[in-house]
Amino acid sequence: MLNSAILQVAAKHLESDISNCLAHFLVLGTKASIWCGKHLKMTLMSTEESQEEEHENLFFQLFLDLLSFLGACFSALAIYPVSVEKMTVDIVETFFDEELNLIKDSISEIKRIQSFVSEEVVVKVTQEVIDSVIRLCGAYARALNWESWEEKLERDKTDMDFEGANSMNHVINVTKCTIEKLCEMGIIAANNGGSLVPIINMSWKGVVTLLQLGDGVLATKVNVAALISNLISLVNESIRHAAEAWFSSLKENISVSEARKAFLPVKFYLVNAVKISSLYPYQAYLVQSEITKCILMMSTLKISLSNEKLLKTASDVFTELLEKTSLDLLIALLNSVQVKRELKVEILDYLFSEGSCPNSVAGDPTTWGEALPGERTFLIGRVSLFLNFLRFSLDLDDDVKLGIAGKLGWFFDMLVNEEVYSSILLLQVPVLYGSGKTVEVVWQPLFSSLLNALQIYMLVVSSGPAWRELESFLLENLFHPHFLCWEIVMELWCFMVRHGESGMVSGIAGKLCSLMKLVASTESVLVADSALRKVARSISIILTFGAQSMVDQVYMAIVRDEGTQLSSVMRLALFMEGFPLNLLSDKMKRIAMQRIITDYCLFIENFDEKSMKSLDCGLFGAPVFALSASLQSLQISTSDINVKTLKFLVAIIHNYRVCEDQLMKDQYRKLLSETLVIVSNMKHLYASLEMEKVICELENLFISGPAVSDTQLYECKPDLALFMAGLAHMDIKEADESSKISALWDLYHMLLGERHWAFIHLAITAFGYFSARTNCNKLWRFVPQDAALSYDLTSGNEANLERFMSKFKVFLEKETALLTITASSDQLGLLVREGLKLKEMFQKISNVVIETAECDYMEIDGEKQAMEMNSEKQSNRKRKFPDGIEKGMELLQSGMKVIVDSISQNDQPSSNELPDSFLTTFSRLEAEISQLVGLAGGD
C-alpha cells in the first residue's frame, strides 16, 4: 500500500516543473523497477495461490501503476534537454536499462500474469511505455548536430575535449540500449504463439524507427547485422512451423485464412529486414549467407506447396504475400552503392553457380523438418528464384542486371539437368501479375512462366549495358545442343523481332547474317545438323515474325554478292530451312522466284555426268534443292516445270544405278529425293507420257533391279511416298495390266509392307490420298498380303486383308476428323447448353455472402492486414432507377430463369425442337439482359 501511495504522489509531481530534481524521480523509478522485477518472479513462483490472493492483487495493481509511472517519466524526460552531467547521465542510462528489462520480463511472463491481470491491460500499458521510450530517443537525437560526429572522431584520436561529445555518447548509449531491448521484446513476443501482435508491431517498428536516427552514426555502435539475423531467424521459424504442421498431417485443403495467418507475420519480419538492410546494406552483407539461404529455402517451399494439391491455396497466398517481399531483401543488398561490385558478384555466385550452394540445406531436418523433399525440389527452387530476378529486373541496378545476364549460362545448364528438366515442362506454379492494387495470382506452366520472365528481362535490359551480354548469349546459344534451350532462345529472338524498335531489329538481322557468313561452307550446306543449317533454320523462323522490310534486308544481304560461292551456299541453306519467300515484298518475290526457276531449268537442261563432276560437291544440284524447298512458299506456274523434269528424274535414277563413286552416289540419292518432291507437287506432270517410264524406273530401282540391296535407299522412301500419293492424278487403266500398273502394285506393296512405324504412317497416308482420288476400282490389288496393318496385335503372325481394310478405314476416319474445322450443329447446341448452365452456377456462387471474421491485424508498410482472410461487403452504390424500370428488369429475369430451367431439364433436345439459331440468339439475349440488370440494380 505504501509503495502504491509513493508512486501516486510521484506521478502527480511529474506534471509540474521537476527540472531540479528529475534525477530523484528516475532513481525512484529505477529502484521500483528492480523491486518489482524481483517480486514478479517470486509471485509467479508461488504455489499458495489461495492464501496469497489479496497480496497478488495488490502487487499486480502496483505493477500496472509502476508501468504507467515509467511511461510518464520517459515523457517528462523528453521535455528537458539532454543532460551532460556525468551523474545524471549514469542515472538516465541505468533508468533506461532497468525499465526496459522490467517491460521485457512482463512480456515474457504475460501468459502467467494473465491469471491475475487481463492480458489486454498489460499489453496496452506496455505499448504506452514503449511508445514513450521511442519518442524520447527521437527527441534526443533531433536535439543534436550529428554532422559534427566526424569532428568528434578526430578529437578522440588526439584526446582533446569536444563540446557535445558527452551528449552524443549519452544519446547513442540510450538509443542502443533501447534498440537491443526492443529486439529482445520482439523475439519474445513472436515466440509467445503469435498472440502478442501489438507488441511485435511496436517493437520491430520501433527498432526500424530508431535505426534511422543519427544520420547513420548508430551503425558504428549497434550490431545491426545481429538485428537482421534475428529477423531472418523469426522468418525461418515461422515458415518451418507452418510447413511442418501442414506436411505432417495433410488431410484437407488449407484455407486462405489459415495460410494468411501463417504467412502475414513472415511478411512483417521480411519487410522490416528489408528496411534495415536498405539503411545499412553493408551490415546486411555480413549476414548474407543467412539471408540467401532463407530466400532460397522460401523459394523451394513455394515449389513444394505447388506440388501438393491440398496446399495450392497456401501456394497462392505465399506468392501474393512473400514472393516479391523476399526478393526485395536480396535486392536491397545487391542494389546498394555501399556494397562493392565484387561482393555482389559473390552473392550471385553463391545463389546461381554450380556447386556453390549446398543442396543439402534444403532437406536439413533441424531447420525445415520434412517440408522439403530433397535435392530435386531445391534445384527447382533455385530456378524459381532466378526467374523472380528476371521477372522483377526493373527493380535491379545496372550492375546487378549485368550480373544476372552472366548467370544465363548456369540457368540453361540447370534446365537440362535430369532432376529439373521434367518439372520445367510439367509443373504448374502461381505467378504474380499486375502492379499496385491490381496484382493477381495466376497459375501457369513453369515453362510459360520461364518464357515470360525472360521476355520481361529482355525488355528491361534492351537499352542498358546488359543488352550486349544478353545478345551475345542468345547468338551463342543458337547452336545449343538441347532442343529445350534452343526453343527458348528462338522464342526470345522472335519476341524481340515482334516488339523491338526498327533500328534494333535491323541490327539483329545484320548480326545474324554476319554469323551465317562466318559458319558458311560448301561442305556443310547439305548436312542437316551443321552450324550453317542451324543458323539458317533460326533465321528462317525469326523472319516469320519480322516485318517485310526485315525479310527483304536478310535476302538482299545474302544475294548481294550474287555469283559467288558463299552467296549460293547461304541462299541454298536458307531455302532448305524454310526461308519465308512469301513474306518478301512483291518485287523481291518476283526476282527470287525467277532466279530459282531459271537456275533450275538451266541445271536440268545441262545435266550430265561430266558437268556434275566439275561442280563442287556441296553445290551439286543446288538449283534442285532450292526449288524443292521453295515450293511451299511460292506459287510456281505449271508452265515453268515441264516434262524435262521427268526426263531429269529418269537420268538421276540411271546415274545412281551405274555410279560407283560413293560420294557421288550420295549426291544422286539426295537429288532423287528432292526431284520426287518437285514432281509430287506438279499434278500436271502425272498426265505426261514420260510418267510411265519414271514409274518403271522407280520399280526397277527399289524392287527388281540390282540396287534393291542398297540399304541407303530408305532415305528416299518418305519422298517416294509423296510421289506415289500423287499418282491419284494419273489416268490408270486397270484392264491393261501393263508393266506400268504392275510397277505401281509392286511399289505400293513395298511401301505398305514396311514395318517401321514412321514408314507405316507415311505409306498409309499416301495410300489414303491415292484411294480417295484415283479412278482405280481394284484397290485390293495395291495391298500386299504381308501389309503391316494386316497382322493381328496379339500374335503378330497372322495376316489378313480384311483386317488391313478395317484398320485402314479407322485411320482414314481419324485423318478426316483431324481436318474438321467447322463444328456440327449438335456440337454447337451442346456448347450453348453447357454455357447456360455455367452462367447459372456462376450466378448462384456470386450470391453467396461470406461472413466477416474478427481478427488481429499486423501493420506492414503502414497498412493493416488481417491475420485471417476477410471478405468485406463492398457496396457499389449506383444511381436509383425509376420503379417501373426495376420492376421490368425483375420480370425479364424471371422469364429468363424459366427458359433456362426448361433448357436444363432437356439435356439433349432435337434440332427440330430447339434450332441452333434459337440457342445462339438466346445466349446473346441473356448476356444483354444481365448487363441491363447490372445497370439498373440498386444498392
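Trainee: How many helices and how many strands are there in the chain?

Mentor: Helices (H or I, at least four residues) and strands (E, at least two) are DSSP runs, numbered from the N terminus. Here the chain has 40 helices and four strands. This is a predicted model, where local features need pLDDT of at least 70 and side-chain atom pairs count only at pLDDT 80 or more, while totals for chains, interfaces and linings use all residues. Residues are numbered from 1 along each chain as its sequence is written, and side-chain values use heavy atoms, with hydrogens and water left out.

Trainee: What pLDDT does the chain average?

Mentor: pLDDT is the predictor's confidence in each residue, from 0 to 100. The chain averages 80, and 78% of the residues score at least 70. Over residues 849-854 the pLDDT stays under 50, and the model gives that stretch eight contacts (heavy atoms within 4.5 Å) beyond four places in sequence. Residues 907-912 also have pLDDT below 50, with five contacts beyond near neighbours in sequence.

Trainee: Burial next. What share of the residues counts as buried?

Mentor: Buried means under 20% relative accessible area, exposed over 50%, and partly exposed in between (1.4 Å probe, protein chains only). Of the 939 residues in the chain, 49% count as buried.

Trainee: Is S448 buried or partly exposed?

Mentor: S448 counts as partly exposed because its relative accessibility is 32%. You'll find S448 in helix α21, residues 446-461. From S448 to V429 is 9.8 Å, C-alpha to C-alpha, and the two are 19 residues apart in sequence.

Trainee: And the cysteines? How many disulfides does the structure hold?

Mentor: A disulfide is a pair of cysteine sulfur atoms within 2.5 Å. The structure holds zero of them. As for burial, C294 counts as buried because its relative accessible area is 0%, and C659 is buried at 15%.

Trainee: How do I read helix packing, say at what angle α27 and α30 pack?

Mentor: Two packed helices are described by the angle between their axes and the distance between the axes. Axes are lines fitted to C-alpha atoms, for helices over the stretch in contact, and angles run from 0 to 180 degrees between N-to-C directions. Helix α27 (residues 565-576) packs with helix α30 (residues 622-630) at about 35°, and their axes are 8 Å apart.

Trainee: Which residues meet there?

Mentor: On the α27 side, L572, F575 and M576 meet A622, F625, A626 and A629 of α30.
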